[in-house]
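Here is a short report on charged side chains and their partners. Please have the sequence and the model open as you read.

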Amino acid sequence: VAHAATELIDRVLPYARLLIEAGQLDKARREFATLLNQNPKDTDSLYALGLLAAETRQFDLAEAYFLDLIKRKTRLNEAYFELGRIEEQRGDYAKAQGWYERVKDEERYLSAQMRMGVVLAKAGDLAAAGQHFDTLRQNNPQNSMALYLAEAEALREAERYQEAFDSLERALVAHPDDKELRYARALAAEKIDRLDILEQDLRAILAADPKNSQALNALGYTLADRTDRYQEALGYI
């Protein structure tokens, strides 16, 4: 929310931007509320208030702001997407899916479709989630790697670790040199006790990028937590 809101605030209220960057979200919200009171037609402030309310988990308040935007017929796709995120966090996956389906603009369409896959996995419909991501990859081959990563994250969120690992296995067949996919498979391998694959993937990353801090820490902490190779672990950490 900070990134989305700061772009908006640069045009609206620099002081509120500084408050968000300092993590003072409640104070930033009060600044926007004041601005909206002064100019009730200011939909930029209305959108920012919705983002800030959602970030502070005031979901009822955030929902009211985004529904107000829809009533005003402005920022519709942004409001649909954020309402989907709210319902997803509430655990109402059917409502979340309904909002995501309404997102049609090019900028947010693929992100909404990725969240749709996550929602299907969270709801337990893994077959539908898998088919959904397969279709997205067929229609968006240029985003294939990002979609594999999104599918694996969806399965991890649903605590379906073997399925996440299997998805990343398929991804690496198509994209064998991608470090992000290999790192994601390493994390999935740890969840299913395949420490041999985890070590193999992290060492492959480090062979190409010896100072990769993510891989160094992941390998070091895994060796410390899951093996007795403590001195080696310390070296990586």
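D201 and R182 form a salt bridge, with their closest N and O atoms 2.8 Å apart. (A salt bridge is a side-chain nitrogen of Lys or Arg within 4 Å of a carboxyl oxygen of Asp or Glu.) The pair links distant parts of the chain: D201 sits in helix α13 (residues 195-208) and R182 in helix α12, 19 residues apart. Helices are DSSP runs of H or I, at least four residues, numbered from the N terminus. Both D201 and R182 are buried. Buried means under 20% relative accessible area, exposed over 50%, and partly exposed in between (1.4 Å probe, protein chains only).

## Basis of the model

This is a predicted model: local features need pLDDT of at least 70, side-chain atom pairs count only at pLDDT 80 or more, and totals for chains, interfaces and linings use all residues. Residues are numbered from 1 along each chain as its sequence is written, and side-chain values use heavy atoms, leaving out hydrogens and water.

## Other salt bridges

The structure holds 27 salt bridges. One of them joins D44 and R75 at 2.7 Å, N to O. D44 lies in helix α4 (residues 43-55) and R75 in the loop between α5 (59-71) and α6 (76-90), so the pair ties together parts 31 residues apart in sequence. D44 and R75 are buried.

E63 also forms a salt bridge with R90, the closest N and O atoms being 3.2 Å apart. This pair links helix α5 (E63) to helix α6 (R90), 27 residues apart. E63 is partly exposed, at 22% relative accessible area. R90 is partly exposed too, at 33%.

Conventions: Helix = DSSP H or I, 4+ residues; strand = E, 2+ residues; numbered from the N terminus.
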